[in-house]
Amino acid sequence: MRTFQVVVIQLLLALVTFQCTTTMTYTAASSASPSQSCQISYNHSSNQSNKSSPSSSQLKKKKPYGRISNNEYILTPQQIKDFHTNGCCTIPNVLTEAEVCVIEQTFDLFLNRQIHVPDKDFCDMSKPFDTPFEQWSIINCMLPTKYHPKLQNNIYEVLTKSIAQQLHPSIKMTKDYDQFLTKRCNKQDAIFSWHQDMAYWPGSKALSLEKDVTSTCTFSLAIDDSTEENGCLRYVPESHLQRTLRPHVPLHGDSRDDGHALTINLLPNEIVKLAPVSRGSLTIHNEYVVHGSSGNTSRTKQRRTYVIAYRPKVVVEAERTIGFTHSHNDDVNWDSFDDGEDHRMNSGLQTKVEGEVDNGT
Ligand SMILES: O=C(O)CCC(=O)C(=O)O
């Protein structure tokens with residue numbers, strides 16, 4: 001009898017283990033529509049160490065985090081804390097393989113120039129504008145949903161809109177711009193220079209906003225696994241906390257007529273953290289955090305990433321009022337913002353701040 005009981009318990013345990021494995025496989029594999037049974041476990045809790053199985057009352061009490069439905073991803077309190085404390089965080093397994101595949105097809109139409117992106121909105125973020133396409137290292141397509149409206153409201157937009165709202169619950173957040181970035185394989189110079197995003201954008205004064213409101217969540221969806229080797233995002237944790245802009249200068253030449261990118265140097269002893277993420281996962285960064293990425297040393301692996309930035313609705317409306325749309329073809333741009341920021345004064349002069357170190361970017 002006792003042996004029979006042991007066998008029954010073992011069978012039950014095997015069944016539970018089988019169900020868990022099936023759910024995890026389903027989560028990681030292609031699926032555009034996770035079933036009801038996957039909803040609660042469709043999250044990073046499956047990445048955690050295998051502790052003893054929770055009881056059913058424990059399961060009921062457990063908050064559902066992660067991908068809880070077709071169109072919602074709930075952040076854990078720790079992820080929210082990481083974003084606000086460090087200025088950057090990584091969020092695993094946000095899109096399914098099938099969802100990434102759909103987006104990837106459109107992404108590649110841009111990459112292969114089957115969807116036309118005019119003038120400076122199609123550029124290399126690491127090289128001067130006059131570089132021939134064959135020699136580009138970081139292919140940048142600005143505003144893909146503007147140039148291909150069918151892409152609007154895709155699942156990545158839907159999920160990140162709700163995540164941005166979770167990060168700034170008291171502010172009405174709205175999408176500001178989007179961007180496709182590709183680091184070609186074997187391009188050591190595919191370096192995205194160190195910068196703070198706010199340096200590229202008009203500040204509250206230039207936008208005639210009474211309150212200094214800038215809160216931004218910039219998402220980057222990995223279309224390819226993003227690793228140290230192919231030049232994943234890197235950042236200086238906590239560098240956003242003071243909310244001050246460092247003196248940025250154009251990366252090429254004396255003005256932005258030569259190239260779009262701005263650059264700064266790191267300060268001595270600043271700690272740099274890498275933010276590798278797997279396909280379908282995200283990084284999110286803040287508007288003041290110092291960040292960039294290094295070259296692609298992989299012979300075979302490109303790095304494609306899909307950026308969407310959310311900002312307060314009042315900010316986006318004010319940007320549009322002054323004619324700033326994040327298009328590199330805008331007349332209103334870095335050279336012409338009137339926001340009294342020192343970092344934009346003497347933009348043609350290569351200011352070297354005392355104590356700065358040149359770290360190869
Ligand atoms: O992903 C990268 O390499 C850098 C992107 C970036 O700097 C940005 O989106 O602000």
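This is a predicted model: local features need pLDDT of at least 70, side-chain atom pairs count only at pLDDT 80 or more; totals for chains, interfaces and linings use all residues.
## Around helix α4

Residue numbers start from 1 along each chain as its sequence is written. Helices (H or I, at least four residues) and strands (E, at least two) are DSSP runs, numbered from the N terminus.

α4 itself has 15 residues, 97-111, and at 1.5 Å a residue it should span 21 Å; its end C-alpha atoms are 20 Å apart, which agrees. (The expected span is 1.5 Å times one less than the number of residues.) Its buried residues are Glu99, Val100, Ile103, Phe107 and Phe110. Here "buried" means 20 or more other C-beta atoms within 10 Å of the residue's own, "exposed" means 12 or fewer, and "partly exposed" is in between, with C-beta atoms placed from the backbone.

## The chain overall

The protein chain comes to 7 helices and 15 strands. Of its 361 residues, 37% count as buried. Among contacts with a separation of 6 or more, 81% are between residues 24 or more positions apart.

## The 7-strand sheet

This open sheet runs in the order β3-β13-β8-β15-β6-β5-β4, with antiparallel pairing. At its edges are β3 (88-91) and β4 (122-124), each pairing on one side only. Neighbouring strands are turned by 25 degrees against each other on average, direction ignored. Two strands count as paired if DSSP finds at least two bridges between them. The angles come from axes fitted to C-alpha atoms, for helices over the stretch in contact, and run from 0 to 180 degrees between N-to-C directions.

Now for β6: 8 of its 11 residues are buried, so β6 is largely enclosed by the rest of the structure. On one hand, β6 is joined to β5 by 5 antiparallel bridges; on the other, 10 bridges pair β6 with β15, again antiparallel. Phe180 of β6 shows up in both pairings: Cys141 stands opposite Phe180, and Tyr306 is the bridge partner of Phe180 in β15. Helix α7 (residues 313-321) lies across β6 and β15, at about 100 degrees to β15. Elsewhere in the sheet, β8 and β13 (residues 282-285) pair over 4 antiparallel bridges, with His285 as the β13 partner of Thr218.

## The 4-strand sheet

The other open sheet to look at has the order β7-β14-β9-β12, with antiparallel pairing. β7 (192-195) and β12 (273-274) stand at its edges with a single partner strand each, so one side of each has no neighbour in the sheet. β7 and β14 are joined by 2 bridges, and Phe192 has Ser293 as its bridge partner in β14.

## The ligand shell

Which residues sit around the ligand? They are Leu181, Phe192, Asp197, Thr218, Ser220, Leu233, His291, Gly292, Ser293, Thr305 and Val307. To make the list, a residue needs its C-beta atom, placed from the backbone, within 6 Å of the molecule.

β8 (217-222), β14 (291-293) and β15 (303-312) each supply at least two shell residues, and β14 gives the most, with 3. By type, the shell holds 4 nonpolar, 6 polar and 1 charged. Nonpolar covers Ala, Val, Leu, Ile, Met, Phe, Trp, Tyr, Cys and Pro; charged covers Asp, Glu, Lys and Arg; the others, Gly among them, are polar.

Most residues other than glycine have a negative phi. Asp119, in the loop between α4 and β4, has a positive phi of about 50 degrees, and counts as exposed with 11 C-beta neighbours inside 10 Å. Leu143, in the loop between β5 and α5, has a phi near 55 degrees and is partly exposed, with 18 other C-beta atoms within 10 Å.

Asp339 is in the segment after α7 and is partly exposed, with 15 C-beta neighbours inside 10 Å. Asp339 and Ser208 are 131 residues apart in sequence but 8.9 Å apart in space, C-alpha to C-alpha. Leaving out residues up to four places away in sequence, Asp339 touches Pro202, Gly203, Lys205 and Ala206.

Technical notes: Two residues are in contact if their C-beta atoms, placed from the backbone, lie within 7 Å.
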